[in-house]
Amino acid sequence: MSFEVIIVGSGPAGVSAALELSDKNVLILDVGFSAPQHTFDLEQNLYDLKKHAADLSPAILGEQFESLHNLFSFYLSPKLKSPLMRFVTKDWQQLCPLNATEFEGVLSFAEGGLSNAWGGGVYRFTDSDLVDFPIKAADLHPFYDRLTAEIGVCGSDDDLTSFFGSTTGLLPPVDLDRMSSELLRRYAKKKQFFSRRGIYIGKPRLAVLTKAVGERQAYDYYGLEFFKPNISGIYNSAYTLKELKKRPNITYRSGFLVQKYIETPDGVRVLARNLTTGAVEEFYARKLVLGAGMINTSKIVLVSNDDYSTHLSLLDNAVSFTPFVAPRLIGAAIEKRFFAGVQLNVIFCRDKSAAPIQGSFYGINGILRSDLLIDLPLSIKGNRIAAKYLTPALGVLQLFYPDSPSPNSYLKINSKGEVVIKCQRQELDPLEGHFISAFRRLGFYSWPSLIKYPAPGNSFHYAGSLPMKSQPQSRYETSANGLLFNSRHVYVVDSSNFPALPSKNHTFTIMANSMRIAHSLKRELES
Amino acid sequence: MNDRSPGLQLDPAKPLVEERLRLEVEFFYRRIFDSPLPEEVREKYVAANLMLCNSRVNLSAIRLDLIMQRSLDVEALEFVLRRRNPQNILTIKLLIIHYLTEARSSYFDFFVNESNRPVSAFAELTFHCFRSLYKLAKGRYLLWRYNVV
């Protein structure tokens, strides 16, 4: 079978490239696990369901007790462990085994990849974020604009606009919950205090529909993000894939795990294992676009080069979680209409020319109370009471720290076919204390002993193994147009090609950059 | 709390492990929720334990049989053990019960507050802060007094 382009992966990178190349003869190869079919009636808000459904355990705990995963195994975020969301990380340890120390990342082989479980944050990189990149923000702008129209992005023009860029095409912002509205209202009165400390707070940019767009409904405020896959109002790449499948030039083949490629003078042979038969099948195209996610893409490139010794750089946003309590909301009635994702963004930036540090503030209304019991400081009965009354008053600030290449964080492959990852904890210049002290002015309190620093990998933001350079010099570098060094046909479009990892959630930039690379590839195919 | 529970006799007709789990959940539940255990929760607890207790869990690290035989204060012991190791088997088992009950509408009010009650919330939380201190001291004593771990 011969195609003009083969794209590997259907996550944000893969579908964005496919969108740009959709008038070419394109094959998308993907493992492509899809969301499970279910018969649960989840057409009410979370709390009405919990109140009226006699036993929700099949839907929220699972027939196999999937939601109890963290009691018995490695940590999975509440979203990834819930039964209807388990397809997102299904079989990843078999399909891409990791041999990792101090790295707790996960991979996805689902249609749409990890975007099935993302927070929906879409942030434009500015020139200060792109200092180490061989491209400028202006190179990405047209693609950010197109994606904004394509996927639907909500947000507002506020104190964060100078960090988040153009507001063109934004839908109205998501309705805030009571706690975040209160925080923002108080911040508005104390802006000078915060700006002197380099702290800015505003509404997030989210790939959430606050108005219906095309066939997709507006977000319903049912707060079921942790339990229900494919909520129409929240974008994930599987929606774009669904649209792409309708186009005559696009062929989508799921059930294939791409293992390696072999370049020929005129194109690329791609070898993929058919997961149903176990046989390795061969596909051929003029160009190959790798968008399988940073770890998997790196593995494919290393295997294709038969290289079991080179260390590729691994970047990962270190994260921290700082809980805050707003005492005046203790004992408040639960809000049944709510968005369970990011409510507010915070930026720390003392000097506007420097790359900002970004954080997300969200409530905990959308998770099970039982998930909290292990972290609260009282006896188990006391913790149940605390979870009941504190939930409306508890928020979490998640900070993301930027990362740049270091010899102590790398990935390679070994002869057993495993991806070996060594990822040292970053030495941070922690900002949490700064936020704790500033938020006190807003009536939100926390204590340094409550801050959690999860192991590397928990951000799910990985990057940097095949970095873009203006003049690539090694075989594991790519040009500004994504072309792998010494290659004529292999392009990298996922975050592997990021030379550095800014603090901002990188998904929107992965998509825009992938589209940009695909745009230049398209011109090359036409020339 | 020091009298031996009458429910601790094994039924020889039922598989030993399952029967032990039923006794266990009966014991734990009664001490956490102060009410009779629903049949559905009991059977799901047994199923969850059989399905999930794997080699990563050190079942013998804590002498649950001793806790039940002596009818020790499970809340106090769990609190102390959780502060030492949050992944201990006693905490895991109590959390399973909480997950199973939270999924049931009949327990909605145990977990969710539907009306504005700041005063009673503060009062209950204050009470439980002091109660937790008491449980912590009691748990330490029980650990010292009995060979539970």
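In this predicted model, the axes of α1(A) and helix α15 (residues 507–526) of chain A come within 8 Å and cross at roughly 35°. The crossing of α1(A) past α15(A) is right-handed. On the α1(A) side, the residues involved are P12(A), A13(A), S16(A), A17(A), L19(A) and E20(A); their counterparts in α15(A) include I510(A), M511(A), M515(A), A518(A), H519(A) and K522(A). Sorted by class, this contact holds nine nonpolar, four polar and two charged residues.

Helix α1 (residues 12–20) of chain A also packs on helix α11 (residues 237–245) of chain A, where the axes come within 9 Å and again cross at roughly 35°. Here, though, α1(A) makes its pass in a left-handed crossing. P12(A), V15(A), A18(A) and L19(A) are what α1(A) brings to this meeting, and α11(A) answers with S237(A), T240(A), L241(A) and L244(A). Six of the residues in the contact of α1(A) with α11(A) are nonpolar and two are polar, with no charged ones.

Stepping back to the whole chain, chain A has 15 helices and 18 strands. Its radius of gyration is 22 Å, close to the 24 Å that the globule rule gives for 527 residues, so chain A is as compact as a globular protein of that length. Laid along the principal axes, the C-alpha atoms of chain A fill a box of roughly 70 × 55 × 45 Å. Some 55% of the 527 residues of chain A count as buried. As for how the chain folds back on itself, take the contacts in chain A between residues at least 6 apart in sequence: 73% of these join residues at least 24 apart.

Turning to the strands, chain A has an open sheet of four strands in the order β3-β16-β15-β9, with mixed pairing. The edges belong to β3 (98–101) and β9 (312–313) of chain A, each of which pairs on one side only. Inside the sheet, strand β15 (residues 409–413) of chain A and strand β16 (residues 419–423) of chain A run antiparallel and are joined by five bridges. In that pair, K412(A) stands opposite V420(A) of β16(A). The sheet has a helix packed on it as well: α12 (residues 294–304) of chain A touches β9, β15 and β16 of chain A, and its direction makes about 50° with that of β15(A).

A hairpin is found elsewhere in the chain. It is formed by β6(A) and β7(A), with four residues between them. Strand β6 (residues 256–263) of chain A pairs with strand β7 (residues 268–274) of chain A in the antiparallel sense, over seven bridges. One of the bridge pairs is E263(A) with V268(A) in β7(A).

Next comes the contact between the chains. It draws on 39 residues from chain A and 45 residues from chain B. On the chain A side, α2 (46–52), α3 (57–60), α4 (69–72) and α13 (380–390) each supply at least two residues. α13(A) gives the most, with nine residues. The side of chain A that touches chain B divides into 23 nonpolar, nine polar and seven charged residues.

α13 of chain A comes up again around helix α4 (residues 74–84) of chain B. That chain B helix is mostly covered, with nine of its eleven residues buried. The buried stretch takes in V74(B), E75(B), A76(B), L77(B), E78(B), F79(B), V80(B), L81(B) and R82(B). These residues of α4(B) pack against α13 of chain A, and also against α1 (16–33), α3 (64–69), α5 (89–102) and α7 (118–145) of chain B.

Most residues other than glycine have a negative phi. F460(A) counts as buried because it has 21 C-beta neighbours inside 10 Å, and the cut-off for buried is 20 or more. D34(B) is also not a glycine, and its positive phi is about 50°. It belongs to the loop between α1 and α2 (39–52) of chain B. With 8 other C-beta atoms within 10 Å, D34(B) is exposed.

How values were computed: Residues numbered from 1 in each chain as written. Chains lettered and ligands numbered in written order. Predicted model: local features only at pLDDT ≥ 70, side-chain atom pairs only at ≥ 80, totals over all residues. Pairing = 2+ DSSP bridges. Axes fitted to C-alpha atoms, helices over the stretch in contact; angles between N-to-C directions. Left-handed = near helix turned anticlockwise from the far one by under 90°. Contact = placed C-beta atoms within 7 Å. Nonpolar A, V, L, I, M, F, W, Y, C, P; charged D, E, K, R; others polar. Rg over C-alpha atoms; globule rule 2.2 N^0.38 Å. Buried ≥ 20, exposed ≤ 12 C-beta atoms within 10 Å, placed from the backbone.
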